[in-house]
There are 2 protein chains.
Amino acid sequence: SSNASQKKKPQTYKERASTCTNPLVQQLYKIMNLKKSNLALSVDLQNSQQILQTVDKLGPHLCIVKTHVDIIEDFSPQFTTSLRDLAAKHNFLIFEDRKFGDIGKTVKSQYEGGIYKISSWADIVNAHPVPGDGVIKGLKEAATGTNKGCLLVAEMSSAGSLAKSDYTKGAIKMAEDHKDFVIGFICQSRLIDDYNFVHMTPGVKLSEGGDSLGQQYKTPEEAILKRGADVIIVGSGILATDDPVQAAIQYKEAGYKAYEESLKN
Amino acid sequence: SSNASQKKKPQTYKERASTCTNPLVQQLYKIMNLKKSNLALSVDLQNSQQILQTVDKLGPHLCIVKTHVDIIEDFSPQFTTSLRDLAAKHNFLIFEDRKFGDIGKTVKSQYEGGIYKISSWADIVNAHPVPGDGVIKGLKEAATGTNKGCLLVAEMSSAGSLAKSDYTKGAIKMAEDHKDFVIGFICQSRLIDDYNFVHMTPGVKLSEGGDSLGQQYKTPEEAILKRGADVIIVGSGILATDDPVQAAIQYKEAGYKAYEESLKN
């Protein structure tokens, strides 16, 4: 994008932690600096114990654990307590990938209420900007006084996505209008030259390709160096291997190396 | 829209039930004809018993009951069993307003799995078209061999919605490409002159106005006669009154009168 070509000198995670204003964003960059990791694990498993065991093993290598709480077959409030314990133990943030997409009044209830009470345990959630900025206002009302943040889904990795051109511009506008709560984007390219907005890119895999339902993969290098991602989100690339710990280390190192390379630009 | 101005002679619900090809759409028009109702109730309550009692009272006047299962504080599988019993007793369809918005693999798990097992009890769900048609393919895989359908959220009632122009056109294209599973739209205007696609309009209230989080209301007459809705979705207009049964009858009659008026066009 034109923003990317005019960008300022790249900052290290440490520098970003001290220049960014949102406390949650600061915390994330501190973790990324400390753990030398820009790796978010998408832990799309359906059993609580399996998720907790996986996160306990891979936790040392992750800056973020991304959940889909609504695919877990044996969910209980104890699960989220245990997950928060692991977040404290291994120093990562929890990102519930709920993709809220309703009017403000509804998403407020979905975020704080129901069985899942997402606002009580997730540091980060995300939302589709399609309803207009009421979706952000609704979530924000449920998060008042807490250290929570929201990512806007500005671009998607799936084939034929409608999140492009004017839609993506609308997402950027909403983010800028709600800097106190919107901490970044789910995206496929650099959208704003401002480290207060963390750019997270899903669909990352060491080998490119796709799945039968439209997912399209890119490598850590492509995500970070070509597309300007701050955080890479990896799921099956780590979990669908014989040695997930080794795979996580491999992605962490590939991601960190690409980040170091990006500082030279 | 240009489609609306070129539209064919309006069909009665009875005629639509016999000309439409999707069995779920046929069933809906049969219910609408039999009960003289195009009224969907948005039952945004947070207590199971309260929802079931409300639905049992208002059921005779509704063609659809629309739920947000993830705002219910005391959800249990028994709740959905009881809701299905009420659907059989009062002859309405159940529409879980989940607004799926993820890649195909994920929405498939969200639809059939987790605590809610939505595909086991909801006749209708909806999805944002933003991920591309993988979202439809994923849901469809979970619904194979059952009489289920999906609405695409093509337009929204909230202020500043990004669901417009090319986005809405993209939704229409996806619907036409997946006629076996997409049974219509959540919309604010008539999008296709084809009764196989049921147009459902939320944000309907006898008095116009809005809420503090961006919702914008319109009357049943405006939704049906000006905007071409087949089904009106009413929530607080019925539930936030002293006599919800009386209010439901009022909306049912206003909606049916507008439908009869629309047949004269």
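These are legends for several close-up views of a predicted model.

**View 1. Where chain A meets chain B.** Start with the contact between the two chains, which takes 47 residues from chain A and 47 residues from chain B. Together they bury about 3,800 Å², and 56% of that is on carbon and sulfur atoms. On the chain A side, look for A:Val130, A:Leu162 and A:Leu213: these supply 19% of the area that chain A buries against chain B, more than any other three residues.

**View 2. Polar links across the interface.** Six salt bridges are found across the interface of chain A and chain B, along with 20 residue pairs in polar contact. On the side of chain A that touches chain B, the elements giving two or more residues are strand E3 (93-100), helix H6 (104-112), helix H7 (134-143) and helix H8 (165-177). Of these, H6(A) gives the most, with five residues.

View 3. Zoom in on A:Lys99 and B:Asp102, whose side chains meet in a salt bridge at 2.8 Å, N to O.

View 4. One aromatic cluster is made up of A:Phe75, A:Phe79, A:Tyr116, B:Phe75, B:Phe79 and B:Tyr116. Both B:Phe75 and B:Phe79 are buried.

**View 5. A phenylalanine pair in chain A.** The structure holds 18 aromatic pairs over all chains, and this view picks out A:Phe185 with A:Phe197, a tilted pair at 5.7 Å centre to centre with 35 degrees between the planes. A:Phe185 lies in strand E6 (residues 182-186) and A:Phe197 in the loop between E6 and strand E7 (198-201), so the pair ties together parts that are twelve residues apart in sequence. Buried or exposed? A:Phe185 is buried, with a relative accessible area of 0%, and A:Phe197 is buried too, at 2%.

**View 6. A lysine over a tyrosine ring.** In chain A, look for A:Lys205 lying over the face of A:Tyr217, at 4.4 Å from the ring centre. In chain B, B:Lys205 lies over the face of B:Tyr217, again at 4.4 Å from the ring centre.

**View 7. The surroundings of A:His61.** A:His61 is found in the loop between helix H4 (48-58) and strand E2 (64-67) of chain A. It is buried, with a relative accessible area of 12%. A polar contact of 3.0 Å joins its side chain to that of A:Lys252. Leaving aside neighbours within four places in sequence, the residues in contact with A:His61 include A:Ser37, A:Leu39, A:Val245 and A:Ile249.

View 8. A:Asp193 lies in the loop between E6 and E7 of chain A and is partly exposed, with a relative accessible area of 22%. Its C-alpha atom is separated by 9.7 Å from that of A:Pro10, although the two are 183 residues apart along the chain.

**View 9. Salt bridges within chain B.**
- B:Lys66 and B:Asp97 meet at 2.6 Å, N to O. This pair links strand E2 (residues 64-67) with strand E3, 31 residues apart, and both residues are buried.
- B:Arg84 pairs with B:Asp123, the closest N and O atoms being 3.4 Å apart. B:Arg84 sits in helix H5 and B:Asp123 in the loop between helix H6 (104-112) and strand E4 (124-127). B:Arg84 is partly exposed at 29%, whereas B:Asp123 counts as buried at 9%.
- B:Asp230 and B:Arg190 meet at 2.9 Å, N to O. Each lies in a loop, B:Asp230 between helix H9 (220-226) and strand E10 (231-234) and B:Arg190 between strand E6 (182-186) and strand E7 (198-201), so the pair ties together parts that are 40 residues apart in sequence. B:Asp230 is buried, and so is B:Arg190.

**View 10. Two residues with positive phi.** B:Asn91 has a positive phi of about 60 degrees although it is not a glycine. Find it in the loop between helix H5 (77-90) and strand E3 (93-100) of chain B, where it counts as partly exposed at 29% relative accessibility. B:Ser165, in helix H8 (residues 165-177) of chain B, has a phi near 35 degrees, also positive. At 48% relative accessibility, B:Ser165 counts as partly exposed.

Notes
Residues are numbered from 1 along each chain as its sequence is written. Chains are lettered from A and ligands numbered from 1 in the order in which they are written. This is a predicted model: local features need pLDDT of at least 70, side-chain atom pairs count only at pLDDT 80 or more; totals for chains, interfaces and linings use all residues. Side-chain values use heavy atoms; hydrogens and water are left out. Rings of Phe, Tyr and Trp (its six-membered ring) pair if their centres lie within 6.5 Å; planes under 30 degrees apart count as stacked, over 60 as edge-to-face and the rest as tilted. Helices (H or I, at least four residues) and strands (E, at least two) are DSSP runs, numbered from the N terminus. Buried means under 20% relative accessible area, exposed over 50%, partly exposed in between (1.4 Å probe, protein chains only). A charge sits over a ring if NZ of Lys or CZ of Arg is within 6 Å of the ring centre and within 35 degrees of the ring normal. Contact means heavy atoms within 4.5 Å. Buried area is the accessible area (1.4 Å probe) that two parts lose on being put together, summed over both. A salt bridge is a side-chain nitrogen of Lys or Arg within 4 Å of a carboxyl oxygen of Asp or Glu. A polar contact is a pair of N or O atoms within 3.5 Å; within protein, one must be able to donate a hydrogen and the other to accept it, and residues adjacent in sequence count only if both atoms are side-chain atoms.
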